[in-house]
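The exercises below ask you to read a structure step by step, with a worked solution after each task. Please keep the sequence and the coordinates open while you work.

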Amino acid sequence: VSGKKQERAAAATKKKAKRDLSPGGLARRFGGWWFAAVPAQRVAGVRILVGLFAVWYLWGRYLSFLYLNRLPVSNWRPIGAVSLVVDQPLDPLVWQAIVIATIVAAIAFTLGILYRVTGPVFALLLLFTTTYRNSWSMVFHTENLLVMHTAALALAPAADVWSVDRWWRARRGAPMPEPDGKYAWAVRLAAVLTATTYVIAGLAKLRLTGFDWLDGHQLRNQIGFDNLRKALLGDKVAGLAVPLLEHPALFIALSLLTVAVEIGAPIALLGGRIAALWAVTAWGFHVGVIMLMGIVFPYPLYGIAYAPLFAVERPMGWIGRQVGRLVARVRKRPT
Amino acid sequence: VSRDRWLPIAVSVVLFVATASPVLKNPNRDSFPLSTYPMFAWKRSTTMTMEYLVGFSESGARWHPPPRAVGTGEPMQAKKILENAGRGGPPAMKTLCETAARRVARWRKDIVVVMFVRGTHEAIDYLVYGKRGTERELVRCAVPGREAEAARVPPWAQLVPPPVKPVKPVPPPAAPPGRATPGDEENR
């Protein structure tokens, strides 16, 4: 009987806490969500995805990063963190060393090697390398979330499992970590940063163009303008641009959808199916951008931007188990 | 709040406030990684004036060299490089044109001359109906080793007949305060 009473009392307290809309009550609820116990694999999974993307991204652009220093110096306009550190282009060898160091740090970050050191070092190197790249006359918008997510993960215990650090600790008999709030905050933060960047992009449209942005004309003009530039610069015109430019009415729906996805991004923080629906819609928006403007935002396009919204440890754990079984089977096979 | 929560709270607050802070700033002033994300937010006309390169074969066949010709794989960075060269006057345009001509020689054997051009086009007319606007040759340079053929390429007026209905040139947009120009934000 006393057990039932206690349960009832706990349920009543929970209900009361839900109704408590005072600043203190809201802060407690928010703190409960921010630090809710989750498995260590969640933040580790996000670390691996972000790290793999960073390695692929930096490695694939290695030469184009190096070529930056060959551009005419008149194109050099330092911005952000770079403007605080250097006021002229770096010596090509120094720049090459920094790019290589960033790639090496990205690999260490992904594998979770000496993570307490390599995590923050990678975050700083990535910030510098990408900002330096953006200091050559052109501010790209494809690397912002990668840099912010890396910063969020760098100071979190994101390599307590699924890492070389963990393998090393396990050899010395350390137990597997239990689910804990310390594994939640960096993932929550990364999710909030994803939503924030979309909201800012949506607000920028309304701040710069007002509600005129919603009538479809501006979007059509943007697409025409962008593709014309590409054609004149000898680049490919996006596949769907020319057929759709002839149908202005279509752009009203596309404009409304774009702003709805951007301004409505915070609903993804509710999690579950709502997060999935938003993520699929936002991903579709980026696919649309490729088809209409030929602009690739690889970070969201490969789904990494949305990974913090989901329990990534489940599919990644499943993949890990399948790989483990496969390896075991290969080892058992008689030679 | 327990002591081990202070660092996560501080990191969370700093990163969130930093990421959200551009919303309080002038949206024209873009930076990295804290951006106002104004890439598709600008009011646009479909008519634009810009500098670009055009290659011609000896027979007058026209070709637009890719962004790599000016030293980058990114089209919008190429636009900036061309724009900066255009601002630098004939010597800067000539230098860029010659560099591009050397690269073009590796990709297209039929191209004998590269021209630095400023043109004004209407996007829908150009893309949908194939109508070019007005163009002006600013500088030309021969592809190395093809000087003799390049000399036989006729002047621009003969190469590119003027359009039936010329497009009115658009004045460049006024630069907003700060280092960024609308061109920076329109790019991505």
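**Exercise 1. Confidence and overall make-up**

What pLDDT does chain A average, and what percentage of the residues score at least 70? Then describe the make-up of each chain.

*Solution.* Begin with confidence, since this is a predicted model. Chain A has an average pLDDT of 93, and 99% of the residues score at least 70. Within chain A, the lowest confidence belongs to helix α1 (residues 2–19), with a mean of 74, while helix α3 (residues 40–60) has the highest, at 98.

Next, take the secondary structure. Chain A contains 16 helices and 0 strands, and its C-alpha trace spans about 80 × 55 × 50 Å along the principal axes. Chain B contains 7 helices and 4 strands, arranged along the sequence as α-β-β-α-α-β-α-β-α-α-α.

Finally, consider burial and contacts. Of the 335 residues in chain A, 49% are buried, and of the 188 residues in chain B, 52% are buried. In chain A, 77% of the contacts between residues at least 6 apart in sequence join residues at least 24 apart; in chain B, residues 24 or more positions apart account for 67% of the contacts with a separation of 6 or more.

**Exercise 2. A helix pair within chain A**

How do α10(A) and α13(A) pack, and which residues in the two helices meet?

*Solution.* Two packed helices are described by the angle between their axes and the distance between the axes. For α10(A) and helix α13 (residues 250–263) of chain A, the angle is about 135 degrees and the axes are 7 Å apart. The two helices, α10(A) and α13(A), are therefore oblique to each other.

On the α10(A) side, the residues are Y198(A), V199(A), A201(A), G202(A), L203(A), K205(A) and L206(A), and they meet T258(A), V259(A), E262(A) and I263(A) in α13(A). By class, this contact of α10(A) with α13(A) has 7 nonpolar, 2 polar and 2 charged residues.

**Exercise 3. From chain A to chain B**

*Solution.* The axes of helix α11 (residues 217–232) of chain A and helix α2 (residues 75–87) of chain B come within 10 Å and cross at roughly 70 degrees. That makes α11(A) roughly perpendicular to α2(B). In this contact, D226(A), R229(A) and K230(A) of α11(A) meet P75(B), M76(B) and K79(B) of α2(B), and the residues divide into 2 nonpolar, no polar and 4 charged.

I81(B) counts as buried because its relative accessibility is 2%, against a cut-off of under 20%. Leaving aside neighbours within four places in sequence, I81(B) is in contact with L71(A) and N75(A), as well as with V70(B), T72(B) and L96(B). The C-alpha atoms of I81(B) and Y52(B), 29 residues apart along the chain, are separated by 9.8 Å.

Definitions and conventions. Residues numbered from 1 in each chain as written. Chains lettered and ligands numbered in written order. Predicted model: local features only at pLDDT ≥ 70, side-chain atom pairs only at ≥ 80, totals over all residues. Heavy atoms only, no water. Axes fitted to C-alpha atoms, helices over the stretch in contact; angles between N-to-C directions. Parallel < 35°, antiparallel > 145°, perpendicular 65-115°, else oblique. Contact = heavy atoms within 4.5 Å. Nonpolar A, V, L, I, M, F, W, Y, C, P; charged D, E, K, R; others polar. pLDDT = per-residue confidence, 0-100. Buried < 20%, exposed > 50% of the residue type's maximum accessible area, 1.4 Å probe, protein only.
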